[in-house]
Amino acid sequence: MFPLCKTGGLGDVVGSLPKAISELGNEVKLFLPLYGGIKTDKHNLIMLPEFEDIRLHIGEKSVFFNLWYGTLPDSEVEVYFIDCPVYFHREMPYTDDPDENERFILFQLGVIETLQRLKWAPDVIHCNDWQTSLIPVYLKTNYKWDKLFENTSTLLSIHNIGYQGRFSKNSIENAGLSYSEFYHGGPYELDGTFCFLKAGILFSEIITTVSPTYAKEIQTKEFGAGMEGVLSTRKDDLYGVLNGIDTNIWNPKTDNFIPYNYSKKSIKNKIKCKKELLKEADIEYNEDIPAIGIISRFAGQKGFDLMLTIAKELMDLPFQLIVLGSGEDKIEKFFELLAKTYPEKVNAYIGYNNKLAHWITAGCDMFLMPSKYEPCGLNQMYSLNYGTVPVVRKTGGLADTVKDYHEFNNKGNGFTFEDSTSYALYSTIERALTMFKDKKVWKEIIQRGMKEDFSWKHSAKEYVRLYGKASRVKDL
Ligand code: ADP
């Protein structure tokens with residue numbers, strides 16, 4: 001939940017969607033683990049003494065949690081934090097530790113137990129990803145007895161089907177669920193594992209994912225990551241809702257992180273941002289050479305391995321490259337080596353840096369996202385609104401937001417390629433570099449991107465409509 005804690009796009013979504021839902025007249029309460037990185041002082045969070053030491057069972061273990069409270073910055077949206085240091089005070093929110101299942105079982109039970117103590121029955125619990133996928137299960141099993149939740153339905157959003165929460169069979173016991181539902185092809189079972197996401201898909205009233213194209217893709221073998229069969233049984237209740245962006249935070253007119261603010265009418269200031277960015281990167285500014293930006297987690301999904309085999313050919317092209325990211329060792333080393341070999345045209349910052357992310361978005365001419373798959377993607381939307389032309393693979397949310405420019409069809413706000421191949425990537429970058437030379441056309445491409453409205457306005461309404469539908473489905 002940005003700005004308290006973020007590992008990727010979901011952090012941005014949780015930091016902004018609830019405000020938009022609340023502004024539409026709904027009562028919203030958010031729940032989050034009190035991750036170790038969250039600064040309780042800085043964000044004025046308080047511990048609620050009346051909810052001290054709530055006891056839960058994770059399998060045979062007794063575990064206690066406390067409850068903290070605050071509001072989402074710049075809003076009245078209430079946030080409750082499940083505080084359990086043994087589970088949540090770790091270096092990163094998500095881990096590969098052997099008790100990863102227990103961490104999120106505790107969180108989910110904590111949410112339900114807190115609702116009971118608050119005596120607050122929401123119409124809908126909007127769950128996000130496998131970490132919350134057992135909530136729909138619990139409401140229909142272990143907590144079915146509680147009349148408080150009689151009219152509570154659930155909507156599960158899948159932000160990335162690649163992350164499914166698959167654990168060993170004995171996690172069923174940790175979760176306090178019944179082994180009777182664990183059999184080949186049963187609701188808890190997938191390839192011999194206890195799969196939180198599968199259970200969530202089967203038990204929630206409505207399922208959404210974060211773009212219309214991704215909603216179609218995940219029902220295919222190529223993109224479904226083994227979940228396509230399960231999803232096909234719920235296809236009538238599966239919707240794609242494009243993520244919005246927080247235009248208070250990502251807006252070139254008001255962005256505090258960039259050296260000069262600008263709009264469509266004051267685009268000259270964007271060039272000043274570019275000059276400053278290149279100065280910082282120790283790369284010479286040249287108005288005829290575009291700067292391409294990359295800001296990403298370096299996960300296999302993001303497609304940067306397409307660059308590995310064509311590095312030399314790419315470096316022969318006339319562009320400069322500013323990279324910000326971290327993740328897979330292979331990709332980090334690749335960009336580091338590229339920057340070392342071509343310091344006059346490549347700069348790489350390996351790590352996480354929010355200010356630099358804003359600056360790259362403003363200061364580059366193009367933005368590269370060669371994703372193998374991309375559920376929604378936020379960076380291409382930020383880039384479009386910052387007049388930074390996206391060069392992307394046509395998949396998932398990228399396909400829904402970036403329209404390919406073609407000289408015979410003077411529309412389009414970016415450049416896209418279909419095949420996940422190095423050749424397709426190379427020729428699309430080349431195509432973009434050629435168009436960059438035509439200042440008039442380039443300006444039109446930029447202007448079209450800056451005009452796009454990616455605010456939550458439309459998508460928040462769509463969620464509210466689906467919340468209503470979730471309630472009606474439950475009534476049937
Ligand atoms: P994903 O959720 O798959 O990582 P998205 O495009 O949906 O991808 O969202 C990524 C978010 O994380 C964006 O806000 C982006 O600016 C931010 N981000 C990714 N890597 C970094 C980094 N190294 N430093 C700062 N911000 C980053």
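Helix H1 supplies seven residues to the lining of the second largest pocket, the largest share. The model is predicted, so that local features need pLDDT of at least 70 and side-chain atom pairs count only at pLDDT 80 or more, whereas totals for chains, interfaces and linings use all residues. Residues are numbered from 1 along each chain as its sequence is written, and side-chain values use heavy atoms, with hydrogens and water left out.

The second largest pocket has a volume of about 1000 Å³. Of the 46 residues in its lining, Lys29, Leu30, Phe31, His126 and Asn128 are the closest to its centre. A pocket is an open set of points on a 1 Å grid over the protein atoms alone where a 1.4 Å probe fits, with protein on both sides within 12 Å along at least five of seven lines; lining residues have an atom within 4 Å of a point. The volume is the space filled by probe spheres set on the points, which are joined across faces, edges and corners. At least two lining residues come from each of helix H1 (9-23), strand E1 (29-33), helix H3 (100-118), strand E6 (124-128) and helix H19 (457-475). Helices (H or I, at least four residues) and strands (E, at least two) are DSSP runs, numbered from the N terminus. By class, the lining holds 30 nonpolar, twelve polar and four charged residues. Ala, Val, Leu, Ile, Met, Phe, Trp, Tyr, Cys and Pro count as nonpolar, Asp, Glu, Lys and Arg as charged, and the others, Gly among them, as polar.

In strand E13 (residues 291-298), seven of the eight residues are buried, that is, under 20% relative accessible area with a 1.4 Å probe and protein chains only. E13 pairs in the parallel sense with strand E14 (residues 320-327) over eight bridges; pairing requires at least two bridges found by DSSP. Two bridges also join E13 in parallel to strand E16 (residues 366-369). Ile292 has Leu321 as its bridge partner in E14 and Met366 as its bridge partner in E16.

Both faces of E16 are covered, with Met366 and Leu368 buried on one side and Phe367 and Met369 buried on the other. E16 pairs in the parallel sense with strand E17 (residues 389-393) over four bridges, and the partner of Phe367 in E17 is Pro390.

The ligand is surrounded by 18 residues, of which Gly9, Asp12, Arg297, Lys302 and Gly351 are the closest; a surrounding residue has a heavy atom within 4 Å. A ligand nitrogen atom lies 3.0 Å from a polar backbone atom of Asn353.

Terms used:
Buried < 20%, exposed > 50% of the residue type's maximum accessible area, 1.4 Å probe, protein only. Polar contact = N/O pair within 3.5 Å; in protein donor to acceptor, adjacent residues only side chain to side chain.
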